[in-house]
Every structure is written in structure tokens, then in C-alpha cells.
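Thanks for coming, everyone. Let me put the structure on the screen, and then I'll walk through it.

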Amino acid sequence: MAQTESLLRATRKNWPAYLYLLPAALVFTAFVLYPIGRAAVWSFTDLSLLDPGGARYVGWDNYRAILSDQEVGLDPQTWADWRSMFGAADDPARPTWKRWLTFDWPGGAVWNTVKFTVLFLPPFVIVPLIIAVMLNQVRTGSVFLRTVIFIPVIISVAVASVIWIILYNPNYGIFNLAIGLVRDALNWVVGLVSSNDAYFTFNGPNWLGDRLWAMPAIAFMCFWNGMGLNVLLYLVGLQRIDTELYEAAVVDGVTARQQFLRITLPLLRPTTYLVVLLSLIGALRVFGQMWIMTEGGPQNSTVSYVMYLYRVAFHPTRDFEFGYASALAFVLAAVIFVLTACTQRFSRAVEQ
């Protein structure tokens, strides 16, 4: 009873603060809570935008359909393809090791997203840490270097994607032009000692038109576009470390490598946890880059989970299936929630 009276007194005392928060609370409810609740209801119906009044309650059918949807990639045939990657190759000309080397994974939106995450996440977490450690040692020109590294972050996804489409062009893109220059240089060297002036005939790949190269190419573009933010986060974490720790380590004869492993990395764990979490969520939600650069091609090899969700909800060939798309969205939200909880638990276990 006393606690209730104390809460009421505190509420009456702080009513102006609640009044100031009311507009933000109304906006949050109208544009966040209500849409989430409405989508949760839709996920249990067969709602289509073409016939919104004809929606029927279907229970868990939408969620069960996800497990058998071949375009999602969780159907039995996809699992059979996964098992074949660990066993003997059916095609002698395409052995298992070559499948893994070329990232020729079974298809489906889920596995395309997993493949992108595997390609994107490790360098997106590790390389910015290395760059941040080096930048933290720079005194002259550090502001300029940080600005240059951060510039790609402020470039919109649409503009960055168009730029990289040009760079990846198989005919006049800078990457294939560089490969051609290397080829011509090697042939020139060979021609000096041999009559064969065309010993090397390799050309650059069709980066966005080859299903083996399209996903790595998009992952590299996303790495370039967002790396600066992680560098900035790491720099903030590094500058919070007391420099006296490094000074004491130098006095004790600790090497630079040991300082990094025993001082820098342990004290950067909160920052590293944040970087890993944000990068993981971003990888699972990737959409714009793939949609603009390849539209899911070639052969649906770059159809991410969110892109497939978008197609289900807004593509005319799928009849604007809002009910099924809502179920797909909540499955993704549940996966992100579970991975976030696991990452947080692992971070706490490491700290202990």
C-alpha cells in the first residue's frame, strides 16, 4: 500500500514530464507499435492487397508454408543439396572441394543470406579494428584520414550501388581493366624470352552476371560502404582506454603484440560486441544493394531473405500476399532476437 501511494505521489509530482513525453509516445504508438501489432494479426491470415476484405484466418499455415517454400530454402530438397556437399560429388567434374571453394551453396533466400553473412561479417568486424588501431597511433593528418575513411558511409545505398555497378562492368569496369593490364604485362614479359606473345589469356569475370561471383562482389561493396562506421566505433572505444596502461606495459617490457592481445582486445569487448551485433543485424537485413545491383540474379543467387519478403508483399506475380509476408517478417525478427540474445550471452561469458 505504501509503495502504491509513493508511486502515485511520484506520478503527480512528475506529470509535466509525462506530458512532454506524450507526443513522442503517440507517434511511437501510431507508427511503430500499431503496425507491428497489425502485421502480427495479418501473419495468421491469407490477406492479399488485391482483396483486403476477403482475408481469412488460417492459423499457423503461413508459418508452416515457410518450411516447405523452395524459394525460402528450408524445404527437404535444399537439405538434400546440403548433405551432398559433405559427401561424394555426384558430378566428377565438379568435386565437393570445388563447390566449397566457389561458394556454390544450395539456393534459397535463407542460404543466400547466410552466404552473404559468412562473406561479409568477418572482414567487416576485423578489418575496421586493424585500421582503427593504426589510425589511433597517427598524430599528423589523423582527422583527414578518418574523414576519408568515413566518406563512403554517408553515400546513400542507391548511389553507392550504381557506382559499383559501373566499377564491376565486365567491359569497361576498373577491376577488369586492371586484370587486363596485368595480363598484358605478363604476356609482354613472356614475349621477351619466348616467341609466344599470348601465353596468358585470362580475363576478368562478369562480376554481377556470374552466380559464383555476384554474392562476393556485393559483399565487398557493402564492406566498402559501411566499414567507416565500424572504424569510428572502434576509435571511440580505443580512446576510452587509459594510456597509463600502455605506459606501464612498456616499462614492464611488454611487446606491442602482447599489448594488443592483453590490453586492447579485452578492454574493447563492449565495443566489439556492439560492432558484431550491428553488423550481424545489418547482414541479415540486407536488401537495397542486391535489389539495385542484381535484382536477385543471376539465377536467384543473390535473392536475400528480405528481398524475397519484399517480392511476396509487393510483386504483382505474388498477388501482394501481405499475410505470408508478415509471417516471413516475424520469423526474421525472431531469428534476430535469438541471435542477439546469444551474442549478448556469449559476450558476458567471455567477460567473466
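**A walk through the model**

Let me begin with Asp319, which is partly exposed, at 41% relative accessibility. As for that term, buried means under 20% relative accessible area, exposed means over 50%, and partly exposed is in between, with a 1.4 Å probe and protein chains only. Asp319 has a positive phi of about 60 degrees, although it is not a glycine. Where does Asp319 lie? It lies in the loop between helix 15 and helix 16 (322-351).

Some ground rules. This is a predicted model, so local features need pLDDT of at least 70 and side-chain atom pairs count only at pLDDT 80 or more, while totals for chains, interfaces and linings use all residues. Numbering runs from 1 along each chain as its sequence is written, and side-chain values use heavy atoms, leaving out hydrogens and water.

Now the overall picture. The protein chain has 16 helices and zero strands. Helices here are DSSP runs of H or I with at least four residues, strands are E runs of at least two, and both are numbered from the N terminus. Of the 352 residues in the protein chain, 35% are buried. The chain exposes about 21,500 Å², and carbon and sulfur atoms supply 67% of it. Those areas come from the Shrake-Rupley method with a 1.4 Å probe; for residues, only the protein chains shown count as cover.

Contacts next. A contact means heavy atoms within 4.5 Å. Take the contacts in the protein chain with a separation of 6 or more: residues 24 or more positions apart account for 63% of them.

Is Glu295 buried or exposed? Glu295 is exposed, with a relative accessible area of 54%. Pro298 is in the loop between helix 14 (288-293) and helix 15 (305-314) too. A cis peptide bond joins Gly297 and Pro298, with omega about -5 degrees.

Let's look at helix 12. It covers residues 256-267, 12 residues in total, and at 1.5 Å a residue it should span 16 Å; the end C-alpha atoms are 15 Å apart, which agrees. The expected span is 1.5 Å times one less than the number of residues. Which residues of helix 12 are buried? They are Gln259, Ile263 and Thr264. These cover an arc of only 85 degrees around the axis, so they are on the same side of helix 12. The arc is that of the directions from the helix axis to the C-beta atoms. On the other side of helix 12, Arg257 and Arg262 are exposed. What covers the buried residues includes helix 10 (214-239) and helix 11 (243-251).

Move on to helix 13, residues 269-284, which holds Thr271. Thr271 is buried, with a relative accessible area of 12%. Not counting residues up to four places away in sequence, Thr271 touches Leu233, Tyr234 and Gly237.

Tyr310 is in helix 15. At 32% relative accessibility, Tyr310 counts as partly exposed. Leaving aside neighbours within four places in sequence, Tyr310 is in contact with Phe287, Trp291 and His315. Tyr310 and Phe322 are 12 residues apart in sequence, and 9.7 Å apart in space, C-alpha to C-alpha.

Now aromatics. How many aromatic pairs does the structure hold? It holds 21. Rings of Phe, Tyr and Trp (its six-membered ring) pair if their centres lie within 6.5 Å; planes under 30 degrees apart count as stacked, over 60 as edge-to-face, and the rest as tilted. One aromatic cluster has among its members Phe116, Trp164, Phe175, Trp207 and Trp224.

Phe175 takes us to Gly204. The two are 29 residues apart in sequence and 7.4 Å apart in space, C-alpha to C-alpha. Gly204 is in the loop between helix 9 (174-193) and helix 10. Gly204 is partly exposed, at 22% relative accessible area. Leaving aside neighbours within four places in sequence, Gly204 is in contact with Asn176 and Ile179.

Last stop, cysteines. A search of the whole structure finds zero disulfides, taking a disulfide as a pair of cysteine sulfur atoms within 2.5 Å. Cys222 is buried, with a relative accessible area of 6%. Cys342 counts as partly exposed, at 46% relative accessibility.
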